[in-house]
Amino acid sequence: MIFSGLALGAVLGFVMQRGRFCVTGMIRDIFTQKSWRGFNALLIVIAVHAVGLAALGSLGVIHAEADTFAPLAVIVGGLLFGMGIILAGGCASGTWYRSGEGLVGSWIALAMYALSAAAMKAGILSGFSTSMKSWTLQDTSLNGTLGISIWWLVVPFAALVSYLTYRFLKKEQATPQLAQLKPQKAGLAHVLAEKPWHVYTTAAIVGIIGVIAWPLSAATGRNSGLGITTPTSDVLRFLTTGDSARLNWGTLLVLGLLAGSFVAAKASGEFRVRVPDATQVIRSIAGGGLMGIGAVLAGGCTVGNGMVQTSLFGYQGWVALLFIAMGVWIGAKLWLKPTEFASAGSEPVEGTSTTPRSGAPARTDATDSLPATPSINFDVAPAGVMGGSGVGLLTPQREAVGAQTAVKNVSGLRTVGEHQYALDTLGSVCPFPLIEAKDAMTQLDHGDELVIEFDCTQATDSIPRWAAEDGHEVTNFEATGDAGWTITVKKGS
């Protein structure tokens with residue numbers, strides 16, 4: 001029966017990868033993009049969870065209760081976890097499914113997350129964890145304090161989320177259509193492995209999976225639903241001690257999540273082993289460590305607390321979510337800043353090489369030796385043009401020039417054509433491709449084009465969305481191979 005955890009985890013991993021489901025981004029966008037659209041997706045997960053768990057509880061199928069509330073531990077843990085997920089580039093579940101995409105930085109963060117969580121639960125830091133959790137409150141949930149049925153909270157909450165979702169979708173309909181990659185598949189294959197999944201559809205599916213998880217888990221003696229932190233530490237403890245008790249429904253869930261995301265990434269051409277630069281390695285180590293410590297203190301991560309305990313209207317869940325958000329805000333203020341561009345003013349000199357942005361891997365591919373051209377015409381491209389995967393909407397047709405001129409550095413951007421500049425964000429985890437693109441665009445004039453090279457899967461949605469919402473025109477959007485993309489954005493008003 002524990003293998004149902006593996007199967008459900010695989011479905012969850014597939015859905016999260018295809019839907020770009022990132023709780024870190026949902027909270028982060030409130031502070032960096034002034035957008036609540038993503039956070040509303042988290043509310044959808046909570047609402048679906050709340051309705052489903054309340055129904056199963058009323059029918060006597062499960063017995064779900066809110067966890068004990070230890071205020072000090074939850075507050076400190078939430079802050080640390082929120083800061084950690086900013087450094088690591090993803091929350092607990094996000095780190096698992098991005099590991100399935102081939103991000104070595106996520107592998108490092110995941111290892112540190114497992115190590116620090118295990119140290120907090122049963123290792124050298126267990127005493128610290130126990131002392132922090134020693135102060136607890138008697139009441140654990142809002143409905144328990146009020147002495148009312150949980151349905152009195154579930155129904156109005158679900159109604160509020162439904163109204164907010166309607167408002168966001170209505171606003172979205174008024175936004176110009178987002179640029180999308182040219183489809184190469186048809187039918188179900190296109191829907192599952194190619195067509196972008198709407199974040200609200202993904203949220204509803206994740207919520208349903210969470211409801212299904214509880215009775216399946218309870219059937220194995222684990223009276224809980226979705227959870228990431230304890231299972232992650234259990235994976236490490238099983239591997240290091242061989243304790244068979246650590247091989248349970250939860251550990252198979254997270255291993256299934258990894259497998260499912262890998263299948264999704266391979267099917268969509270989004271798997272490629274990507275080695276981070278030194279800066280991101282350090283961030284992944286620190287972020288993973290903070291995630292494990294914070295999640296154990298808070299009693300859960302953005303899944304266990306932010307989706308499950310909140311749906312039970314437990315104090316731990318909602319307080320943890322609040323302080324995770326505060327930790328994200330602190331982390332965003334400290335670390336989410338555009339990379340400083342190289343100084344402008346260099347003259348075109350034949351044979352001059354470009355200087356990569358700070359922290360990015362040096363580029364040695366053919367684009368570094370492309371000559372500057374007086375103009376670039378964009379035409380609809382057939383499959384296979386430009387050496388990519390043939391999924392581009394438009395591809396540049398370069399006009400011949402008499403003499404080759406070396407690429408020059410203009411405000412840290414490569415000049416690749418008349419009024420056209422290139423920004424290399426390869427190797428950067430989200431949201432850095434978007435942050436740097438927005439910063440670079442401020443340096444350009446109306447009508448100038450910014451060619452952005454990136455390999456962060458989340459940016460396939462965030463960059464076209466930013467362009468549409470800010471009134472810029474996307475003139476080219478294509479895949480350049482597995483887990484690599486280029487998008488050209490013409491500056492609008």
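Is Cys91 buried or exposed, and what is its relative accessible area? The close-up views below, all taken from a predicted model, begin with this residue.

View 1. Cys91 is buried, with a relative accessible area of 0%. Cys91 takes part in no disulfide, and its nearest cysteine sulfur belongs to Cys22. Cys22 is also buried, at a relative accessible area of 7%.

**View 2. The disulfide between Cys430 and Cys456.** The structure holds 1 disulfide. The sulfur atoms of Cys430 and Cys456 lie 1.9 Å apart. The torsion about their S-S bond is about -125°, so the disulfide is left-handed. The pair links distant parts of the chain, 26 residues apart: Cys430 is in the loop between strand 5 (420–424) and helix 17 (432–441), and Cys456 is in the loop between strand 6 (449–454) and helix 18 (459–469). Both cysteines of the pair are buried.

**View 3. Strand 6 and the strands paired with it.** Strand 5 runs parallel to strand 6, joined by 5 bridges, and strand 8 (residues 484–490) pairs with strand 6 in the antiparallel sense over 6 bridges. Val451 of strand 6 stands opposite Ala422 and has Thr488 as its bridge partner in strand 8. Together, strand 5, helix 17 and strand 6 form a right-handed β-α-β unit.

View 4. Of the 6 residues in strand 6, 6 are buried.

Notes:
Residues numbered from 1 in each chain as written. Predicted model: local features only at pLDDT ≥ 70, side-chain atom pairs only at ≥ 80, totals over all residues. Heavy atoms only, no water. Disulfide = S-S within 2.5 Å. Helix = DSSP H or I, 4+ residues; strand = E, 2+ residues; numbered from the N terminus. Buried < 20%, exposed > 50% of the residue type's maximum accessible area, 1.4 Å probe, protein only. Pairing = 2+ DSSP bridges. Right-handed = clockwise from strand over helix to strand, strands pointing away.
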